[in-house]
Each structure stands twice: as C-alpha cells, then as structure tokens.
Amino acid sequence: MKQIVVISGKGGTGKTVLTASFAALAKNASFADCDVDAPDLHLLLKPEIKEKHEFRSGKTAKIDKRLCQECGKCIDICRFDALRKDFTIDSISCEGCAVCSRVCPTNAITMEENLSGEWFISETKYGPMVHARLGIAEENSGKLVTLVRQNAKKIAEERNKDYCIIDGPPGIGCPVIASLANVDLALIVTEPTLSGIHDMERVADVTKHFSINTKVVINKYDINFKNAQDIRKICQVRKVEVVAELPFSENVTRSVVRGMPIVEFCNDQIAKDIVALWKKI
Amino acid sequence: MIISIASGKGGTGKTTVATSLALSINSGIQLLDCDVEEPNAHIFLKPKIQQSKTVYIPVPKIDESKCTFCGRCAEVCTYNALAVLKEKVLTFPHLCHGCGGCNLFCPQKAITEGDKKIGVVEIGNSSHVQFVHGRLNIGEVMSPPLIRAVKEYINPTRSVIVDAPPGTSCPVIESVKGSDFCILVTEPTPFGLNDLILAVEVLKKLTIPFGIAVNRADIGDSSLDDYCEKENIPILMRIPFKKKIAFAYSKGLALVSEFPEYKKEFIRVYKEISERIR
C-alpha cells in the first residue's frame with residue numbers, strides 16, 4: 001500500500017482539485033483530507049459519514065472565583081498572556097500548560113479538557129475517506145492530522161487498498177509535517193509565480209529535511225512560461241522530477257462549482273494531463 | 001489602527017490585498033507579514049532589510065549533575081517534551097511550548113532554559129511603508145512564537161496592516177488577535193465560501209469586526225453573495241479575474257504598481273474601515 005500526499009507550500013495551487021481527480025482515477029484507494037483547518041475535499045468527493053469521533057486534545061484553565069484570592073501568582077507566571085487582570089482566562093490564548101493551576105495557592109484553577117474537533121470515517125463512491133474538522137480557534141491541528149493519517153492508513157491496510165491518497169494543508173509547519181510522516185511520495189503542486197516558486201522551495205526543503213521522496217507538478221503553467229522554465233531548472237538542480245505541467249483551465253472552477261472531480265466533469269487538455277499524471281505515478 | 005488580512009482558503013489574494021493597501025495609503029503605514037511559514041509580501045514590496053533578528057524559544061536544559069531523576073519535570077509537562085529514564089532525561093524540543101513549568105517545579109533547580117532558534121524577524125522599509133516579516137526555519141513545527149515575535153515590532157504610531165497565513169487555527173489566531181478590523185479575502189467558488197464560513201466563525205469568536213474582499217470576482221457562482229447578504233456581512237471591494245492581473249502577480253509586481261487605477265479602490269476601503277472602527 002503506497003501513501004501519496006499532495007502538498008504545496010503556497011495555498012491555492014490546486015491540491016484538492018488534483019487529489020479529487022486521483023480519487024476518481026484510482027481503482028483501489030482510500031483517501032484522507034489532512035487540511036483540518038479548512039477541509040474542502042468533501043465538496044468534491046461527497047462522503048457519506050459512517051463514523052463520527054470526538055477529538056479531545058489539550059486543556060484550558062478555569063478559575064473558580066469562590067476560591068480565588070486574587071494574589072496574582074497566576075498572572076505573573078503565565079507565558080501566554082492568558083490570564084486577564086480581572087482573574088478570568090482568555091481561553092483562546094491559553095495553551096493548557098497548567099502551570100497556573102500548579103502555582104495557585106488556593107487550588108482555584110482547574111484544567112478542563114477541550115473538545116477540539118471531530119474526525120470522520122466516511123464512504124465515497126471512489127472508496128473510504130477519513131477527514132476531520134478542527135474546532136473554531138482550537139489548537140493541536142498537528143495531532144488531529146496525525147489521527148486522520150493513522151486511521152486512513154489503518155483502513156487502507158484493512159481493506160487491501162493499493163493507495164492512500166492524502167490532501168495536505170498549505171504551509172510548512174506542524175500540520176504539514178504531520179501529513180508528510182512516512183509517506184511514499186510527496187507531490188508538490190506549484191504555480192509559475194514568484195510567490196509559488198518561493199514557497200515551493202521552502203516546502204521542498206522540508207521534504208528534503210525529512211528525506212521524503214518528492215516530485216513536482218506545475219499547475220497553471222501557461223500563466224508565465226518563463227517562470228515555468230525557472231521551476232524546471234530549479235527542480236533539475238534539486239534533482240526533483242517535474243512529473244506534469246497542467247494548463248490553466250476555466251473548467252476547473254466549473255467542476256468545483258458542480259462539485260465533482262475535473263476528470264469526471266470534462267475531457268479537455270487538463271483532464272487528459274491529469275489522467276497521464278496519475279498513470280505516471 | 002490595526003487591520004489584519006485573512007481568508008481561510010489559501011491563495012485567495014491576502015498578500016495582494018495587504019500589499020496593495022499598504023502601497024495605496026500615502027504615509028504612516030507599517031506592514032507585518034505574519035505568514036512566517038511562507039512569507040510572500042516581500043516579493044511585492046521589495047523592502048530594503050535593515051535589521052535581522054534571530055528568534056529563540058526557551059527549551060529545557062538539564063544539569064545532570066544536579067538531577068536526581070525524580071521525574072517531576074516529566075510529570076508537570078503537559079506536552080510530553082520530557083521523559084525521565086533511570087539515569088537520563090530525554091528532551092523533545094519540538095514538543096516544548098516554552099511554558100517554563102519544568103524549571104519552575106524542579107526540586108533540585110537542575111533545569112535551565114536553553115535557547116532554540118526557530119527563525120528570524122527582518123525589519124526594513126519599502127518607500128514609505130515600514131516592513132516587518134518573519135521566516136520560520138525549515139523543519140520547525142510551531143509558528144505562533146515567531147508570529148508573536150513579529151508582532152512585537154508593531155509601531156503604534158502607524159496604521160498597521162497584518163498579512164495573515166491561510167487556515168483557521170493557531171497561526172491565524174495569533175496573527176489576527178488584537179487587530180481592530182479584519183478583511184477576509186475570498187473567491188466566489190465553493191472552496192472559497194466553505195473556508196470563508198470557517199474564518200468568519202473564528203473572527204466572531206475573537207470579536208473582531210470584519211468585511212469581505214472578493215478576488216477573481218467574476219468566476220464561480222452567486223453563493224458567496226447570497227451568504228454575505230443573508231449574514232449581513234459587508235462586501236468591501238471586488239477585484240475582477242483578469243489574466244493580466246495574474247500575469248503581473250506571477251512576476252512579483254504589486255497590483256497597484258502595475259494598475260494604479262486600483263489605488264483609489266484601496267483608499268476607499270481604508271477610509272470605510274476607519275469609519276467602521278469608529
């Protein structure tokens with residue numbers, strides 16, 4: 001079973017559109033949406049939720065005003081500015097370290113577990129899908145990504161899938177690193193813009209740092225031919241293969257509005273290129 | 001006044017709006033690029049960097065000559081960043097949140113805080129715009145501490161524009177926290193709308209007033225407009241989908257530098273936001 005993650009560095013390069021297309025083309029695969037902050041894959045794969053699980057992670061401090069003597073030790077000790085001067089907790093700033101509850105001389109501070117989000121095991125017409133939603137203004141997205149990954153892998157193995165295809169988040173931090181762990185291939189989707197190139201290089205540095213097999217797809221390559229050529233040169237120097245160059249197509253937006261993978265929506269050049277890309281990898 | 005620019009969905013045009021706003025207002029502006037994982041504003045503003053500051057976070061350093069391996073540090077650590085074995089203490093700096101609990105509660109005072117580099121903050125100028133951004137080191141997991149470091153450079157005598165990262169979790173929260181108004185940049189597609197709704201919930205929880213900037217406004221469908229009307233959310237401006245705009249963007253050219261006719265739009269939005277905050 002091979003795990004393939006689609007990442008980008010820069011947001012909006014086309015990860016989810018591509019992942020959904022792979023889902024439609026793969027004959028025997030499971031899927032995971034690891035962009036737990038702003039998940040979109042479900043809009044194209046239309047999963048039917050079979051199991052819902054709570055994601056409980058981290059704690060938030062709570063002050064019992066009846067016990068509080070207003071000595072201020074908690075305010076002094078908090079490194080995250082989560083204790084307000086009126087001895088209430090800013091739950092958004094609170095990182096749940098519990099130092100305040102330990103220093104409180106009257107035990108007025110307790111730590112309450114957060115319901116930080118939910119994760120789901122669903123069925124789509126293309127195969128099983130694991131996805132999640134982080135709660136509003138919650139932390140620990142990396143942990144939730146890891147949970148999604150673990151369950152997607154488990155299902156893929158249990159059901160003898162050939163592939164687990166993962167829609168990754170943008171950026172290079174914790175959620176991205178969690179979505180990269182132990183994959184067989186990281187596909188970086190970039191665009192021929194200076195921002196796209198800059199961000200691609202940083203995320204390629206991350207995959208290199210973690211010794212992950214990496215390939216690049218240049219999406220919307222016809223926006224700027226010179227930049228597309230620069231990307232090819234950069235990848236050559238980095239010894240990273242550019243596996244496809246996809247043209248800009250207005251059909252992409254139309255397929256998203258329709259709520260289906262582009263390879264199902266139409267058969268224009270980009271759809272043909274994506275089919276060829278999938279065969280290649 | 002601090003205006004943050006966020007979105008939910010990546011690639012909607014936050015940096016385009018942030019840099020255009022900064023360049024359209026004639027004076028007294030500071031731009032903070034808080035997308036420390038993938039900073040892009042410098043590509044369009046081309047600032048002259050005058051100062052570079054390495055940013056550290058405190059991580060535990062154990063003095064094994066004093067340590068009795070009692071295990072108290074691991075007990076108090078909420079993040080499992082310490083493991084106490086028979087005659088060794090293991091630390092996992094990437095899990096450390098820098099809360100200070102371990103050194104505070106060590107009965108032997110055997111723990112000090114060493115510094116771990118996580119990235120840099122760079123400060124400079126681009127014509128009349130004061131510029132600050134952060135760049136997270138490759139392989140570092142947490143961006144909020146670096147974002148906090150960037151925001152330490154907020155100049156209260158200026159109008160500050162904060163370019164936030166994509167998403168809706170801690171890096172975004174850290175970036176938009178404390179701002180007087182947030183412009184949510186979106187596109188009229190199902191992805192744009194889906195993620196916008198999440199971003200709106202975040203801003204409501206943070207009680208930050210907001211308005212929408214619609215980019216690539218003539219693609220997609222009408223569901224974004226319907227949503228904004230239903231929820232009474234102001235649409236502050238619309239930027240059309242034009243290949244020439246995309247091409248200029250691809251070359252790292254700021255929208256209002258290439259197409260100065262948009263400046264008056266950004267000035268109008270800036271004035272409208274100032275009024276709304278009042």
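Visitor: What makes strand β2 and strand β6 of chain A a pair?
Guide: Count the bridges. In this predicted model, β2 (residues 29-33) and β6 (residues 163-167) of chain A are joined by five bridges, in the parallel sense. A pair needs at least two, so five bridges in β2 and β6 of chain A pass that test. To see one of them, find Ser30(A), whose bridge partner in β6(A) is Cys164(A).

Visitor: Where do these strands sit in the sheet of chain A?
Guide: Side by side, in an open sheet of nine strands with the order β3-β4-β5-β2-β6-β1-β7-β8-β9. The pairing in this sheet of chain A is mixed.

Visitor: Why are β3 and β9 of chain A said to stand at the edges?
Guide: Look at their partners. β3 (48-63) and β9 each have a single partner strand, so each has one side without a neighbour in the sheet. From one strand to the next, the twist averages 20°.

Visitor: Which strands pair with β8(A), and in which sense?
Guide: On one side is β7 (residues 185-190) of chain A, running parallel to β8(A) and joined to it by five bridges. Ala186(A) stands opposite Thr214(A) there. The other partner is β9 (residues 241-246) of chain A, again parallel and again over five bridges. In that pairing, Asn219(A) faces Leu246(A).

Visitor: How does the chain cross from β8(A) to β9(A)?
Guide: Through helix α8 (residues 225-238) of chain A, in a right-handed β-α-β crossover. There is also a right-handed β-α-β unit made of β7(A), helix α7 (residues 194-209) and β8(A).

Visitor: Why is strand β8 of chain A called largely enclosed?
Guide: Six of the six residues in β8 (residues 214-219) of chain A are buried, so the rest of the structure largely encloses this strand. Buried here is a matter of a cut-off: under 20% relative accessible area.

Visitor: Which way do the residues of β8(A) point?
Guide: Thr214(A), Val216(A) and Ile218(A) go one way, while Lys215(A), Val217(A) and Asn219(A) go the other, and all are buried. In a regular strand, side chains alternate between the two faces of the sheet.

Visitor: On to chain B. How many helices and strands does chain B have?
Guide: Eleven helices and eleven strands. Its C-alpha trace spans about 70 × 40 × 35 Å along the principal axes, and 59% of its 278 residues are buried.

Visitor: What is the order of the strands in the open sheet of chain B?
Guide: The nine strands run β3-β6-β7-β2-β8-β1-β9-β10-β11, with mixed pairing. At the edges stand β3 (48-62) and β11 (235-239) of chain B; each has a single partner strand, so one side of each lacks a neighbour in the sheet.

Visitor: How do you know that β1 and β8 of chain B are paired?
Guide: Four bridges join β1 (residues 2-6) to β8 (residues 159-163) of chain B, and at least two are needed. The two strands run parallel, with Ile2(B) opposite Val160(B).

Visitor: What makes Phe92(B) buried, exposed or partly exposed?
Guide: Its relative accessible area is 31%. Buried would need under 20% and exposed over 50%, so with 31% Phe92(B) counts as partly exposed. Phe92(B) lies in the loop between β5 (89-91) and α4 (101-105) of chain B.

Visitor: Which residues make the nonpolar surface patch of chain B?
Guide: Leu85(B), Leu90(B), Phe92(B) and Leu95(B), making a patch of about 290 Å². Members need over 30% relative accessible area, and Phe92(B) has 31%.

Definitions and conventions. Residues numbered from 1 in each chain as written. Chains lettered and ligands numbered in written order. Predicted model: local features only at pLDDT ≥ 70, side-chain atom pairs only at ≥ 80, totals over all residues. Heavy atoms only, no water. Buried < 20%, exposed > 50% of the residue type's maximum accessible area, 1.4 Å probe, protein only. Right-handed = clockwise from strand over helix to strand, strands pointing away. Patch = residues over 30% accessible without salt bridge, like charges linked within 9 Å, V, L, I, M, F, W, Y side chains within 5 Å. Areas by Shrake-Rupley, 256 points an atom, 1.4 Å probe, with all protein chains shown as cover. Salt bridge = Lys/Arg side-chain N within 4 Å of Asp/Glu carboxyl O. Axes fitted to C-alpha atoms, helices over the stretch in contact; angles between N-to-C directions.
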